[in-house]
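Open the model in your viewer and keep the sequence panel beside it. This tour says what to select next and what is there.

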Amino acid sequence: MLGTATFALSACGGGNDERLQTDLAAARVTSIGVNSYLWRASLETLSFMPLTQADSNGGVLVTDWYASPDNPNERVKVSVAILDQDLRADALRVAASRQVMQGGTWVDAPVQAATVQRLEDIILTKARDLRRSAVS
């Protein structure tokens, strides 16, 4: 940690290239195994759902089934995998499962690809916003 702080402080007086390198290094150096902005953004995005697994070293979040009060006959389960220490779109994988109630039994139903893509976009946007606010 001391080396990281020294590196960050030594770059404070330089130009834009040095600041960019410091910013990139700050996004990578975390006490967790994955990009901290993606991790925090994923947690915030899924905060309304109960979590069954949250592994910050492996970068895995898994929710329990969640049914919206507005539509109790449909439920979803989401898993997020953060694959890298860099804040990049390809460092994030979101998967979702959906079930609907039919005859008193939960039955698997398809999830629209746009739904998963929208979740990824929300997480990435939130992660970029967190990074911007931390760097400013």
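In which sense do strand E4 and E5 pair, and over how many bridges? Select residues 92-102 for E4. E4 and E5 pair in the antiparallel sense, over 5 bridges. Two strands count as paired if DSSP finds at least two bridges between them. Now pick Gln99: it stands opposite Asp108 in E5.

A word on the ground rules. This is a predicted model, where local features need pLDDT of at least 70, side-chain atom pairs count only at pLDDT 80 or more, and totals for chains, interfaces and linings use all residues. Residues are numbered from 1 along each chain as its sequence is written, and side-chain values use heavy atoms, with hydrogens and water left out.

**Whole chain**

Colour by secondary structure. The protein has 4 helices and 5 strands. From the N terminus, the elements run α-α-α-β-β-β-β-β-α. Helices (H or I, at least four residues) and strands (E, at least two) are DSSP runs, numbered from the N terminus.

Switch to a surface. The protein exposes about 8,200 Å², and carbon and sulfur atoms supply 52% of that area. Areas come from the Shrake-Rupley method with a 1.4 Å probe; for residues, only the protein chains shown count as cover. Of the 136 residues, 29% are buried. Buried means under 20% relative accessible area, exposed over 50%, and partly exposed in between (1.4 Å probe, protein chains only).

**The sheet**

Select the 5 strands. They form an open sheet in the order E1-E2-E3-E4-E5, with antiparallel pairing. The edge strands are E1 (51-55) and E5 (105-109), each pairing on one side only. Neighbouring strands are turned by 15 degrees against each other on average, direction ignored. For such angles, axes are lines fitted to C-alpha atoms, for helices over the stretch in contact, and values run from 0 to 180 degrees between N-to-C directions.

E1 and E2 (residues 60-63) run antiparallel and are joined by 4 bridges. Click Leu51: its bridge partner in E2 is Thr63. The hairpin of E1 and E2 has 4 residues between the strands, and Gly59 there takes a positive phi near 75 degrees.

Step on to E3. E2 and E3 are antiparallel too, joined by 3 bridges. Here Val62 has Ser79 in E3 as its bridge partner.

**Helix H4**

Select residues 113-135. H4 packs on the sheet, touching E3 (74-82) and E4. The direction of H4 makes about 135 degrees with that of E4. Contact means heavy atoms within 4.5 Å.

At 1.5 Å a residue, the 23 residues of H4 should span 33 Å, and the end C-alpha atoms are 33 Å apart, which agrees. The expected span is 1.5 Å times one less than the number of residues. Show the buried residues of H4: Val116, Leu119, Glu120, Ile123, Leu124, Ala127, Leu130 and Arg131.

**Helix H3**

Select residues 36-45. H3 is mostly covered, with 7 of its 10 residues buried. They are Ser36, Tyr37, Leu38, Trp39, Ala41, Ser42 and Thr45. At the N-terminal end, Asn35 caps H3: a side-chain oxygen lies 2.9 Å from the backbone nitrogen of Tyr37.

Is Ser42 buried or exposed? Ser42 is buried, with a relative accessible area of 0%. Its side chain reaches the backbone oxygen of Leu38 at 2.8 Å. A polar contact is a pair of N or O atoms within 3.5 Å; within protein, one must be able to donate a hydrogen and the other to accept it, and residues adjacent in sequence count only if both atoms are side-chain atoms.

Leaving aside neighbours within four places in sequence, Ser42 is in contact with Leu61, Val80, Ile82, Leu92 and Ile123.

**Last stop: Gln85**

Select Gln85, in the loop between E3 and E4. Gln85 is partly exposed, with a relative accessible area of 34%. Its side chain reaches the backbone oxygen of Gly33 at 3.5 Å. Gln85 and Tyr37 are 48 residues apart in sequence and 9.5 Å apart in space, C-alpha to C-alpha.
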